[in-house]
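Thank you all for making time this morning. I would like to walk through one model with you, so please keep the sequence and the structure in view while I talk.

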Amino acid sequence: MKTYPVKKNETIEIDIIDLTHEGLGVGKVDGYPLFIENSLPGEKVKALVLKVGNKFGYGKVLERLTDSPDRVELTDESLLRTGIAPLQHMTYEAQLLFKQKQVENVLNKISKMPDVPVLPSVGMANPVGYRNKAQIPVRKVNRELETGFYRKNSHDLVPITDFYIQDPVIDQAIVTVRDIMRRFSVKPYDEAEHTGNLRQIIIRRGHYSHQMMVVLVTRTEKIFKHEQIVEVILKELPEVVSIIHNINPDKTNVILGKESRVLYGQNYIEDQLLGKTYRISAPSFYQVNTEQTEYLYQTAMDFAGLTKDDIVIDAYCGIGTIALSLADRVKHVYGVEIVKEAIEDATINAFHNEIDNVTFKAGSAENLMKQWKESGIDPSVLVVDPPRKGLTPSFIETAVEMAPERIVYISCNPATLARDLKLFGSDYEVKKIQPIDLFPQTAHVEAVALLVKVV
Ligand SMILES: C[S@@+](CC[C@H](N)C(=O)[O-])C[C@H]1O[C@@H](n2cnc3c(N)ncnc32)[C@H](O)[C@@H]1O
């Protein structure tokens, strides 16, 4: 049997020397790494070994023997335990530096591009209460319907009312909806038994418009007394313009089911970004941090160096926010997005903002790029904003064949960004990368890269 330098349940003193990309402190015992929550580089801690794995283990701080200057007081321990705010024990300056370094690390290790400048992360003046959307699981805890968040690596619900990084009006609305559900004796979902009804409460609130959408996700088709429930929600939450019932009958971690119906009002909310108005329906993607998104889009447009002659492709365009933000500076924009409802939103958004030099298509970006290439569309600028898994090799191949002069890559995952930048190969030079903090207090990193065609 293999032996390790530490044993489970052993208490050790250990120096923290690094941070994982998830924000866990790293200490080493005879070269064997231990990952320890709520510890920072430069600190010495007394830790309990919780788990010993093949290549690394996990520990828990019993006592901090020294404090890092990057440490701030925890506002709420459960925000660490649930992973809602895994960096809340770090000063905001240290968080921003941590994110810049992460981008530098992957560029070094994965892309082998150590010379590409990674600019300092752009942060928020007030890096809390920024999320415009909440997806909150509902479970029974101590015989009562509760809202909160799962303990990390589990599906045990920790009741929480102050989510710290969410718009406080949304936090308050969740408590209001929770109390209404209790009053009407709605049955919370039981995941283990696959019984009960209410699985999730989702709330979206426009940052500027203050329009609110409430989505109730249930296991069954029926919400008992739903007419009265709607009436009370509207009375107690006057910002609500949309109440949606989504049915998810499956045993699954996926939040939304396929079937939705409107219980009240419209099936979307509206909000503004960079002076334009957007409709956002329930299944459509919309960036959760509105203030920083405006900065992100502005940076993407600056990097793209747009002119009136440019033909732009906005791949992974969602409800068309990037395409429509830059449309009046260029000749034409083509947008592609896989979620059909998002493309319906994008088309209506173009119409309402009186923009007619855009073409939106529903479909996979990989296929549409090929079709556009075959039909002779010749973009001078390509903007990509893919999900965490990044681009596919076939997308990159087609993009290189189309040969746009500039590519702006917006990424929410530095590892896949670094992998993809390498795949663009010698045809493109990566000029610079700007991390922008869209997710303060969490370990998520957003960055914009500029690639220029090598002539
Ligand atoms: C990070 S979001 C960006 C959306 C938009 N650019 C914005 O800023 O709001 C990524 C988008 O890609 C879409 N998507 C995922 N896979 C796709 C694919 N294979 N082809 C096209 N769009 C896809 C998602 O539905 C989502 O709207």
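Let me begin with a question: does Ile 280 count as buried or exposed? Before I answer, please bear in mind that this is a predicted model. Ile 280 counts as buried, because its relative accessibility is 1%, and buried here means under 20%. Leaving out residues up to four places away in sequence, Ile 280 touches Arg 204, Met 213, Tyr 268, Ile 269, Asp 271, Tyr 286, Ile 319 and Asp 345.

Now to the overall layout. The chain is divided into domain 1 (11-71), domain 2 (97-124 + 289-453) and domain 3 (133-273), and the centres of domain 1 and domain 3, taken over C-alpha atoms, are separated by 37 Å.

As general background, nonpolar side chains in soluble globular proteins tend to be buried together. In this model the largest nonpolar core has 82 residues, of which Met 181, Ile 203, Leu 326, Phe 360 and Val 408 touch the most other members. Domain 2 and domain 3 each give at least three residues to this core.

Let me turn to the ligand. Which of the 18 residues around the ligand come nearest? They are Tyr 297, Tyr 316, Glu 337, Ala 365 and Asp 385. For Ala 365, a backbone N or O atom lies 2.8 Å from a nitrogen atom of the ligand, and for Ile 338 a backbone N or O atom lies 3.2 Å from a ligand nitrogen. Glu 366 takes part through its side chain, with a polar atom 3.4 Å from a nitrogen atom of the ligand. On its own the ligand has 600 Å² of accessible area, and the protein covers 90% of that. Helix H6 (321-326) and helix H8 (365-374) are the elements that give two or more residues to the shell around the ligand.

Next, please find helix H10, residues 414-423, in which Pro 414, Thr 416, Leu 417, Ala 418, Asp 420 and Leu 421 are buried. The cover over these buried residues includes helix H2 (92-111), helix H9 (393-402), strand S19 (406-411), strand S20 (428-436) and strand S21 (446-453). At the start of H10, a side-chain oxygen of Asn 413 comes to within 3.1 Å of the backbone nitrogen of Ala 415, while after the helix comes Gly 425, with a positive phi near 60°.

I will finish with two loop residues. Most residues other than glycine have a negative phi. Asp 30, however, has a positive phi, near 45°, and has its place in the loop between strand S2 (25-29) and strand S3 (32-36). His 194 also has a positive phi, near 55°, and lies in the loop between helix H3 (168-183) and strand S9 (198-205). Asp 30 is exposed, with a relative accessible area of 72%, whereas His 194 counts as buried at 17%.

Conventions
Residues numbered from 1 in each chain as written. Predicted model: local features only at pLDDT ≥ 70, side-chain atom pairs only at ≥ 80, totals over all residues. Heavy atoms only, no water. Core = buried A, V, L, I, M, F, W, Y, C linked by side-chain atoms within 4.5 Å. Buried < 20%, exposed > 50% of the residue type's maximum accessible area, 1.4 Å probe, protein only. Domains from an automatic or database assignment. Near = heavy atom within 4 Å. Polar contact = N/O pair within 3.5 Å; in protein donor to acceptor, adjacent residues only side chain to side chain. Areas by Shrake-Rupley, 256 points an atom, 1.4 Å probe, with all protein chains shown as cover. Helix = DSSP H or I, 4+ residues; strand = E, 2+ residues; numbered from the N terminus. Contact = heavy atoms within 4.5 Å.
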